[in-house]
Amino acid sequence: MKKLLVLLACLFATHTLVKADNDKPIQVSQMPQKAQTFIQQHFGDCKVAMAKMESDFLQKSYDVIFTNGNKVEFDRQGDWTDVDCKFTVVPEAIVPAAIRRYVADNYPDATIVQIELDRSNYEVQLSSGWELKFNPEFQVIDIDN
């Protein structure tokens, strides 16, 4: 009986490793509707270079890379988790007003080039190189350069 359980555990582990990091190219139209709407609203004038679905053992996510270098990541429901605008600025409507005010007041010469939502914390990268982390109440909890 123990040998059977060990064999089943090994088979399960092998299957999990084979299925992990399974990236599949897709069309934007195959993404959740919420993600499609987000792309149309905030990046409607950008051309999509590639869209893909990433499947891990228990998670699914979506990435969209635009020809101008911008990248947006979505969770399985189609909610954005990361917006990276390497050569442009993150669309203002994506950034919560409290974060926009804080950046404008404290870093007036900088623009927001990346924003990430991790659970309930926001991480923002500025064009000046500063990285700011905000808690759910939009209070700064970490600053890194």
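This is a predicted model: local features need pLDDT of at least 70, side-chain atom pairs count only at pLDDT 80 or more; totals for chains, interfaces and linings use all residues.
**Entry 1**

I looked up how the strands are arranged. I found 9 strands in an open sheet, in the order E1-E2-E3-E4-E5-E6-E7-E8-E9, with antiparallel pairing. Strand E1 (22–25) and strand E9 (140–144) stand at the edges. Each of these has a single partner strand, so one side of each has no neighbour in the sheet.

I then went to one end of the order. Strand E8 (residues 131–134) and E9 run antiparallel and are joined by 4 bridges. Leu132 stands opposite Ile143 in E9.

**Entry 2: helices on the sheet**

Which strands does helix H3 touch? Helix H3 (residues 97–106) packs on the sheet and touches strand E6 (112–118), strand E7 (121–126), E8 and E9. The direction of H3 makes about 140° with that of E8.

H2 lies across E3, strand E4 (71–74) and strand E5 (80–84). It runs at about 155° to E4.

**Entry 3: aromatic rings**

I searched the whole structure for aromatic pairs and got 8. One of them is Phe38 with Phe43, a tilted pair with 6.3 Å centre to centre and 45° between the planes. Are these two residues buried or exposed? The cut-off for buried is under 20% relative accessible area. Phe38 has 10% relative accessibility, so Phe38 counts as buried. Phe43 has 3%, so Phe43 counts as buried.

Phe43 also pairs with Phe66. This pair is stacked, with 5.1 Å centre to centre and 20° between the planes. Why does this pair tie together parts that are apart in sequence? Phe43 lies in helix H2 (residues 33–43) and Phe66 in strand E3 (residues 60–66), so the pair ties together parts that are 23 residues apart in sequence. Both Phe43 and Phe66 are buried.

**Entry 4: the largest pocket**

I noted a volume of about 210 Å³ for the largest pocket. Its lining includes Glu54, Lys60, Tyr62, Asp63, Glu73 and Thr81. Which elements give two or more residues to the lining? They are E3 and E4. E3 gives the largest share, 4 residues.

Technical notes:
Residues are numbered from 1 along each chain as its sequence is written. Side-chain values use heavy atoms; hydrogens and water are left out. Rings of Phe, Tyr and Trp (its six-membered ring) pair if their centres lie within 6.5 Å; planes under 30 degrees apart count as stacked, over 60 as edge-to-face and the rest as tilted. Buried means under 20% relative accessible area, exposed over 50%, partly exposed in between (1.4 Å probe, protein chains only). Two strands pair if DSSP finds at least two bridges between them. Contact means heavy atoms within 4.5 Å. Axes are lines fitted to C-alpha atoms, for helices over the stretch in contact, and angles run from 0 to 180 degrees between N-to-C directions. On a 1 Å grid over the protein atoms alone, a cavity is a set of points where a 1.4 Å probe fits but cannot get out, and a pocket is an open set with protein on both sides within 12 Å along at least five of seven lines; lining residues have an atom within 4 Å of a point. Grid points are joined across faces, edges and corners, and a volume is the space filled by probe spheres set on the points.
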